[in-house]
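Work through the two exercises below. Each gives a task, then a solution in steps.

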Amino acid sequence: MMLEANHLNVYYGNIHALKDVSFSVGEGEIVALIGANGAGKSTTLKTISGMLRSQTGSISFLGEDISKTESFRMVNKGLAHVPEGRRIFQQMPVMENLEMGAYTSKGDITEGIKEVFRHFPRLEERKKQIAGTLSGGEQQMLAIGRAMMSKPKLLMLDEPSMGLAPILVEEIFEIIRLFHEAGTTILLVEQNAGKALAIANRAYVLESGRIALTGTGAELMQSEAIKKAYLGG
Amino acid sequence: MEFLSNLISGLSLGAIYALIALGYTMVYGIAKMLNFAHGDVIMIGAFTVLATVATAGFPWYIGIIASVIVCTVLGVTIEKIAYKPLRKANPLSVLITAIGVSYFLQSVALLIFGSGKQSFPTVIKANPIKLGSLIIQGNSVVTLIITTIIMVVLTLFINKTRLGKAMRAVSEDKDAAELMGISVNRTISLTFAIGSALAAVAGIFYGSTYGFVDPYAGAMPGIKAFVAAVFGGIGSIPGAMLGGILLGIIENLSKAYISTDLADAIVFGVLIVVLIVKPTGLLGKKIREKV
Ligand SMILES: Nc1ncnc2c1ncn2[C@@H]1O[C@H](COP(=O)(O)OP(=O)(O)O)[C@@H](O)[C@H]1O
Ligand SMILES: [Mg+2]
């Protein structure tokens, strides 16, 4: 397995946000992590990328224990995290945001920038624009493009479809599929369970900080419990 | 002519304030704290020159190098020992700690150098420039030239280099910067290092301008530079430069044409007026709501 998280317990003060969470992501997979608001999805990703620490258990990435690794070292190991709410650098132009995505890259980054612009032509048209003035969809594209600049082995996306018009949601999911085809393994957090399950090889369902269900995307789409709780009947 | 000469010495004083204000504003921008010990770093820098040049008899350039090294190490060490453990503490605790560090540095200087005023050695040897009836002090000329160079280099560094961009990224969003592979800890250390090195340079100019140093010599320029940083828009680098220079000019012209005693009151009065009209300072960015 590329990523293996075992028995994670994460707290915010007294709040027990992750309760004995274990899951894995295999090389080449798209794995979805779905669940209601407050279930612990973002907490899970933050724990993987070292922004939060688990009290117990272990996290291994490409066979290496990363549960104590500082978060700024993750990107060099091949792990990229597009956080919830995009978190692009609002006051920097598009181009500098992309440069920051390749901060740890030693070589020439023009090829990487071309690649991002090939997927997101709209970013190329706006490459000198201050990122804070982009539309929500463009900001999400920039956040994904910025993460791709580090050429990650595993890309973790936290609700990439949040707040986007349906047509943009389609576009973002299409891009995720393309990056996946190009060889990037994906861990996708979504509230939009239908779309996530449709694209995922496997999925985990988080409920109040616990993994409640797991299965292939197709299996979970058929599950009565999932239909009721997340797919609107 | 007299006006021009007052203006130029005000400009030179303002350049010194600007150098100090840059340290305040960069640390505020990156670490989101007001480092009230910053002024005392200037005083330590000035005493370092005094100890190496006047006491130990080294040449002036060794004094300057020693001062820059001592201040840089001091600034980084203060951050590591006093401020880093308080990264997530409430801002009031950090502020009180900074004031504590300030008193600590003053007390150390008091123990080593005593409380009296000591005359600052001549490290800047430049002849006055005469343009007709206008005489410009050599000290002012050197201060203005060096400060201009420093500001240009710093601006290029922040805007164009990889490290400078990383500093801006950290100042905007620490978590996102870490996810890009930027170490927030190292960036904060670098910021304290740059700010303190600038403070050392400011200390040399300040000592040369006033001709003496004592353990409290950093307090007043520290406060004025803080005012300059707020005046220009705290967190803004061009703002600190502009704020410092305007403050120096206002102070000097007030001294020359209104009243020496009232000069400081006028300086603070201008600050209050500016903050009423534009609360974020002259070049301050409006504070963006976090989504
Ligand atoms: N910074 C925080 N401080 C305290 N509680 C938090 C914090 N962040 C998240 N939580 C709590 O942890 C739980 C999981 O949150 P989160 O991981 O953000 O959920 P999700 O991403 O699935 O919506 C929620 O109950 C939330 O209120
Ligand atoms: Mg979330």
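**Exercise 1: a buried arginine**

Task: describe the surroundings of Arg146(A).

Solution. Start with the backbone oxygen of Arg86(A): it lies 3.5 Å from a polar atom of the Arg146(A) side chain. This is a predicted model, in which local features need pLDDT of at least 70, side-chain atom pairs count only at pLDDT 80 or more, and totals for chains, interfaces and linings use all residues. Residues are numbered from 1 along each chain as its sequence is written, chains are lettered from A and ligands numbered from 1 in the order written, and side-chain values use heavy atoms, without hydrogens and water.

Arg146(A) sits in helix α6 (residues 136-148) of chain A; helices are DSSP runs (H or I, at least four residues), numbered from the N terminus.

Now check charge. Arg146(A) is buried but has no salt bridge. Buried means under 20% relative accessible area (1.4 Å probe, protein chains only). A salt bridge puts a side-chain nitrogen of Lys or Arg within 4 Å of a carboxyl oxygen of Asp or Glu. The nearest side chain of opposite charge, Asp173(B), is 6.8 Å away.

Finally, list neighbors. Beyond four places in sequence, Arg146(A) touches residues including Phe89(A), Asn97(A), Ala176(B) and Met180(B); contact means heavy atoms within 4.5 Å.

**Exercise 2: the interface**

Task: how many salt bridges are there between chain A and chain B?

Solution. The count is 4. In a salt bridge between the chains, Lys165(B) meets Glu99(A) at 2.4 Å, N to O. Helix α3 (residues 94-101) of chain A gives the largest share of the chain A side touching chain B, 4 residues.

Note on methods. Helices (H or I, at least four residues) and strands (E, at least two) are DSSP runs, numbered from the N terminus. Buried means under 20% relative accessible area, exposed over 50%, partly exposed in between (1.4 Å probe, protein chains only). Lys and Arg count as positive and Asp and Glu as negative; His and the chain ends are not counted. A polar contact is a pair of N or O atoms within 3.5 Å; within protein, one must be able to donate a hydrogen and the other to accept it, and residues adjacent in sequence count only if both atoms are side-chain atoms.
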